[in-house]
Amino acid sequence: MYSYIKYRFDNLFTLGLIFIIPLLVTIAAFVILIFSVIYYYTEEPDSYEDALWETFTRVLDPCAAAEDEGLKHRIISGIVILCGLVIIAILIGTIVTFMDEKLNELKKGHTTVYEKNHTIILGWSPKIFDILHELIIANESQRNPSIVILTSKERIEIQYLIKNKIHDTKNTRIIYRNGDPMSINDLNKLSINQARSVIILASETNHNSDIRIIKTILAIRNNPQRNNINFHIVAEIKERINLEAAMIAGGDEAIFVYADEITARIIAQSCRQSGLTVILTTLLSFQNDEIYFKYEKALVGRTFYDAIFSYNKCSVIGLMLADGTVKLCPQLDTIINMDDKIIVIAEDDDKIILSSDNLSRSTRSVSASTINHNINSPSQQMIRGTTKKVERNLILGWNNRAPLIAKELDTYVARGSELHILTDSDKVASFINEQLAIELIEQQVFVYFGSVTNKYDLEKLNLFSYHYVIVLAKDESGQENLIEEADAECLICLLYLQNIIDESNKKKTFNIVIEMVDIRNRQLVNATCADDFIVSPNLLAKYISQLSEDKNIKKVYEVLLSAGGVEISLCLASMFVPLGIPISYYQILQETLKYQCVAIGYRLMKYLHDETRFYGIVLNPNKQENIIFSPNDKIIILAENFISSTSTVINTIF
């Protein structure tokens with residue numbers, strides 16, 4: 001019986017303050033009532049109320065009995081004081097314990113979040129720092145914005161890591177919570193029904209990260225406490241084989257980023273367009289001009305051509321139709337219908353303002369005398385078609401993206417092209433010969449065994465026989481020392497390539513594109529012979545951040561990064577406009593539109609090495625701006641199947 005009573009009492013004590021405080025109040029009241037009666041009959045106070053008050057004061061304050069006289073009175077007061085001390089001590093101890101547990105719970109991040117219109121990030125990867133940086137910039141125009149992070153890491157650890165990387169969160173509050181993203185109970189602590197968007201990051205160290213992401217999406221969508229709103233979920237996927245299952249789980253509420261495929265497409269295009277990575281990085285960053293969708297009632301019934309010239313400081317690049325279809329660089333006479341949105345490059349969404357003379361200006365034409373330049377006819381310099389060339393390309397190094405890069409290159413080259421690969425892994429060599437070589441249609445594969453950090457292995461390759469050279473970083477594992485090692489190997493490879501070029505006394509006739517992992521190493525690349533470099537984690541983090549703000553962005557980049565569709569091209573300015581004289585950007589637009597190309601900016605090669613000026617690239621300039629072009633300066637255009645017949649490889653250190 002005693003054991004059972006003790007057991008029940010212990011269970012009640014585990015309830016904490018909910019049980020202990022009422023218990024102590026009950027005991028105190030009992031003590032006060034008992035001893036007030038004793039006081040009343042032994043000390044004979046004026047009334048029972050006086051006896052009750054004397055007992056109450058002695059329970060709370062031992063000094064109240066300092067003036068008591070008589071042994072009996074003092075004994076009774078002593079007993080009351082001892083009871084009071086025990087009660088107060090237990091009460092203080094209970095409160096201190098409760099506060100300590102509460103502080104520990106707050107430190108561990110187990111409490112419920114009550115936020116609205118916030119961004120939730122589930123999981124952890126090195127990309128989280130770049131994502132936070134972008135979201136903080138995007139939130140500057142928001143009122144009381146917040147970002148909630150839920151990860152299995154300890155709250156104190158992630159708070160330290162983020163504060164060490166991000167020193168200024170501006171007006172954004174970052175809230176940390178510890179838990180399992182796959183747990184419905186933990187998700188319910190995030191006010192997920194009130195969130196603006198949810199980002200799910202793939203772990204760099206967990207081989208089953210896709211499975212965990214799919215289960216997390218199921219936990220979000222099938223939560224019994226969800227309301228009727230549609231979630232806006234952006235999730236990473238590591239393996240293409242899991243993409244279909246993820247899309248089934250996500251339905252119309254989730255969009256997926258297959259990181260390796262996006263990186264492969266960018267690398268394949270960057271080979272052909274030096275500077276493309278800077279353009280994409282600029283467009284994907286909230287710090288610069290980016291892509292927006294806007295319904296413009298004033299443009300309904302007008303043409304795409306009219307829309308292009310309706311803004312002074314915005315570049316209209318396409319339309320999103322009422323059914324959600326995205327058309328970049330459509331026919332100039334395309335009519336803008338009700339519910340269609342224009343796709344525009346702008347500094348911010350509140351800067352998309354029609355010019356005061358937009359209706360009259362769009363009908364103006366530029367006289368022939370205005371653009372009277374002594375260059376060959378553009379029709380003689382430009383070819384529009386799908387002609388592909390036979391190429392010899394080289395991949396130095398290997399990672400998980402290399403097979404995808406090889407397949408992307410296959411879509412750009414003609415039958416009979418060659419792809420040469422240098423690797424130091426027998427396993428990789430076997431994979432290339434037994435599987436990849438069979439999957440490639442246009443290219444024949446040649447494998448060389450050697451190290452990218454061995455100059456002798458590089459010299460044997462006859463670099464000047466290639467069109468494009470791609471240097472790949474080893475797969476990042478999330479460990480900073482391995483990331484630095486991967487980037488260091490790429491830099492050593494570039495130094496050897498530069499040395500081989502210098503010793504040959506030949507002009508560099510091929511483009512070099514390098515993939516890196518850490519954005520902090522990009523300044524080291526500027527001192528090498530690389531024409532373009534891609535910091536894939538940083539670029540992907542920007543892309544994910546953009547998708548979390550507007551899921552329609554994915555439709556635009558799916559078009560831009562697909563072979564054979566509308567692409568970003570950098571063409572010699574001399575193909576469109578005269579050199580050496582001031583010409584307005586409005587006139588540049590007029591000239592490019594003659595060939596169904598939409599200019600979105602230009603590149604001045606004199607700033608090629610100046611990082612502060614984006615390596616000479618200017619996107620979305622004011623149409624009133626005058627530019628003086630020099631030889632080798634470029635105009636950045638959007639066009640489909642656009643090929644320059646006079647294109648040559650210009651040695652640019654990007």
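User: Which residue in β14 is the bridge partner of Ser 417?
Analyst: This is a predicted model in which local features need pLDDT of at least 70 and side-chain atom pairs count only at pLDDT 80 or more, while totals for chains, interfaces and linings use all residues. Residues are numbered from 1 along each chain as its sequence is written, and side-chain values use heavy atoms, with hydrogens and water left out. Strand β13 (residues 417–423) runs parallel to β14 and is joined to it by seven bridges; helices (H or I, at least four residues) and strands (E, at least two) are DSSP runs, numbered from the N terminus. In β14, Ser 417 is bridged to Gln 443.

User: In what order do the six strands of the parallel open sheet stand?
Analyst: Two strands pair if DSSP finds at least two bridges between them. The pairing in this open sheet of six strands is parallel, and the order is β14-β13-β12-β15-β16-β17.

User: Which strands stand at the edges, each with a single partner strand?
Analyst: A strand with a single partner has one side left without a neighbour in the sheet, so it stands at an edge. Neighbouring strands here are turned by 15° against each other on average, direction ignored; axes are lines fitted to C-alpha atoms, for helices over the stretch in contact, and angles run from 0 to 180 degrees between N-to-C directions. The two edge strands are β14 (443–449) and β17 (532–535).

User: At what angle to β14 does helix α16 run?
Analyst: Helix α16 covers residues 426–439 and lies across β13 and β14.

User: How many of the residues of strand β16 are buried?
Analyst: Buried means under 20% relative accessible area, exposed over 50%, and partly exposed in between (1.4 Å probe, protein chains only). Asn 511, Val 513 and Glu 515 point one way from β16, Ile 512, Ile 514 and Met 516 point the other way, and all are buried. For strand β16 (residues 511–516), the count is six of six.

User: Which residue of β17 is the bridge partner of Met 516?
Analyst: β16 pairs in the parallel sense with strand β15 (residues 468–471) over four bridges, and there Val 469 stands opposite Ile 512. β16 and β17 also pair in the parallel sense, over four bridges. In β17, the partner of Met 516 is Val 535.

User: Is Thr 281 buried or partly exposed?
Analyst: Helix α11 (residues 276–284) is mostly covered, with eight of its nine residues buried. Leu 276, Val 278 and Leu 280 are among those buried residues. Thr 281 lies in helix α11 too. Because its relative accessible area is 23%, Thr 281 is partly exposed.

User: How far apart in space are Thr 281 and Ile 534, C-alpha to C-alpha?
Analyst: Contact means heavy atoms within 4.5 Å. Leaving aside neighbours within four places in sequence, Thr 281 is in contact with Leu 539 and Lys 542. Thr 281 and Ile 534 are 253 residues apart in sequence, and their C-alpha separation in space is 9.3 Å.

User: What is the relative accessibility of Gln 546?
Analyst: Gln 546 is placed in helix α20 (residues 536–549). Not counting residues up to four places away in sequence, Gln 546 touches Leu 283, Leu 284, Ser 285, Phe 286, Glu 290 and Ile 553. Gln 546 counts as buried because its relative accessibility is 4%.

User: What accessible area do Phe 30, Ile 34 and Ile 38 have together?
Analyst: Ile 38 lies in helix α2 (residues 17–42) and counts as partly exposed because its relative accessibility is 31%. Patches are made of residues with over 30% relative accessible area and no salt bridge, like charges being joined within 9 Å and nonpolar side chains (Val, Leu, Ile, Met, Phe, Trp, Tyr) within 5 Å; a salt bridge is a side-chain nitrogen of Lys or Arg within 4 Å of a carboxyl oxygen of Asp or Glu. Accessible areas come from the Shrake-Rupley method with a 1.4 Å probe, and for residues only the protein chains shown count as cover. Phe 30, Ile 34 and Ile 38 form a nonpolar surface patch, and their accessible area together is about 270 Å².
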